[in-house]
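Subject: Structure handover and what was found in it

Dear colleague,

I am passing on the structure we spoke about, together with notes on what was found in it.

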Amino acid sequence: MMISLSQTKELFRRAEAVCFDVDSTVIKEEGIDELAKFCGVGDAVTEMTRRAMGGSMTFKTALTERLSIIRCSREQVNKLITDHPPQLTPGIRELVEHLHQRNVKVFLISGGFRCIVEHVATQLNIPLHHVYANRLKFYFNGEYAGFDESQPTAESGGKGKVISLLKEQYGFKTVVMIGDGATDLEACPPASAFIGFGGNVVRQQVKERCPWYVTSFEELLKELEKI
């Protein structure tokens, strides 16, 4: 059952934990697309990302296929982070700071890669044990060796699994998920509420299906300042 706009705002104001998607939400770009561009296979991978975000193939299939095109080495990943560090979305730093001041726990739940997401978490003072993302695997010589398929974020529905895990582990009653894509929307339930974010990219099927859709983090900050 879809909850109303006022209920969503109320749940956000009293949330014990707020979970953010990372690509195109906390940061302006899609990490996997940036990695593909950096490795010279940008166009093929961007098209597949678009299809995956639209929900026309399972997340794991899309991830496997995109990574088998990219085949990035450990050195390429490190160089990408150094040369093209992820760009934070305006307002996210202030919002996370405000949530932390109110003792709200902040988590990053991403279908992207842990090595990139940890870099983002550090910039936002989010503890690394609050990061849930996919792990790339490399051989001893640094060549691509696949990804860790046991991570919940490697599957469709994985973000919901992480939220269930957090509720169990910390005893949270009210958890809010914020993101731009279909995989974020489907994490509610178990999330108590979902807020759609369209500040970097607008995905029509997400916009139409959530009661509260924002295009800037300032809108969320203003809501918290009402308290």
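Buried area, as used below, is the accessible area, taken with a 1.4 Å probe, that two parts lose on being put together, summed over both. Please keep in mind that this is a predicted model, in which local features need pLDDT of at least 70 and side-chain atom pairs count only at pLDDT 80 or more, while totals for chains, interfaces and linings use all residues. Residues are numbered from 1 along each chain as its sequence is written, and side-chain values use heavy atoms, with hydrogens and water left out.

The two domains

The protein chain is divided into domain 1 (5-28 + 87-225) and domain 2 (33-83), with bounds that come from an automatic or database domain assignment. Between domain 1 and domain 2 an area of about 1,800 Å² is buried, and carbon and sulfur atoms give 67% of that area. Of the area that domain 1 buries against domain 2, Phe138, Tyr144 and Phe147 supply 30%, which is more than any other three residues. The C-alpha centres of domain 1 and domain 2 are 20 Å apart. Counting contact as heavy atoms within 4.5 Å, 23 residues of domain 1 touch 16 residues of domain 2.

Across this interface of domain 1 and domain 2 the rule finds 2 salt bridges, a salt bridge being a side-chain nitrogen of Lys or Arg within 4 Å of a carboxyl oxygen of Asp or Glu. The rule also finds 2 residue pairs in polar contact across the interface of domain 1 and domain 2, both at pLDDT 80 or more. A polar contact here is a pair of N or O atoms within 3.5 Å, where, within protein, one must be able to donate a hydrogen and the other to accept it, and residues adjacent in sequence count only if both atoms are side-chain atoms.

On the side of domain 1 that touches domain 2, the elements that give two or more residues are β2 (105-113), α7 (114-123), β4 (136-138), β5 (144-147) and α9 (182-185); helices (H or I, at least four residues) and strands (E, at least two) are DSSP runs, numbered from the N terminus. The element that gives the most to this side of domain 1 is α7, with 3 residues. By class, the side of domain 1 that touches domain 2 holds 10 nonpolar, 9 polar and 4 charged residues, where Ala, Val, Leu, Ile, Met, Phe, Trp, Tyr, Cys and Pro count as nonpolar, Asp, Glu, Lys and Arg as charged, and the others, Gly among them, as polar.

Salt bridges

Side chains of opposite charge can pair when their charged atoms come close. A search of the whole structure finds 13 salt bridges, and one of them joins the side chains of Arg13 and Glu223, at 2.4 Å from N to O. This pair links distant parts of the chain, since Arg13 is in helix α1 (residues 5-13) and Glu223 in helix α11 (residues 217-225), 210 residues apart. Arg13 counts as partly exposed because its relative accessibility is 23%, whereas Glu223, at 4%, counts as buried; buried means under 20% relative accessible area, exposed over 50%, and partly exposed in between, with a 1.4 Å probe and protein chains only. Leaving aside neighbours within four places in sequence, Glu223 is in contact with Lys9, Phe12, Arg13 and Trp212.

The side chains of Glu30 and Arg203 also meet in a salt bridge, at 3.3 Å from N to O. Glu30 lies in the loop between β1 (17-20) and α2 (31-38) and Arg203 in the loop between β7 (193-197) and α10 (204-209), so the pair ties together parts that are 173 residues apart in sequence. Both Glu30 and Arg203 are buried.

Lys37 and Glu34 form a further salt bridge, with their closest N and O atoms 3.0 Å apart. Because Lys37 and Glu34 are 3 residues apart in helix α2, about one helical turn separates them. Lys37 counts as exposed, at 52% relative accessibility, while Glu34 is partly exposed, at 24%. Elsewhere, salt bridges that share partners join Lys9, Glu10, Arg13, Arg14 and Glu223 into one network.

Asp23

Asp23 is found in the loop between β1 and α2 and counts as buried, at 10% relative accessibility. A polar atom of the Asp23 side chain lies 3.0 Å from the backbone nitrogen of Gly31.

With best wishes
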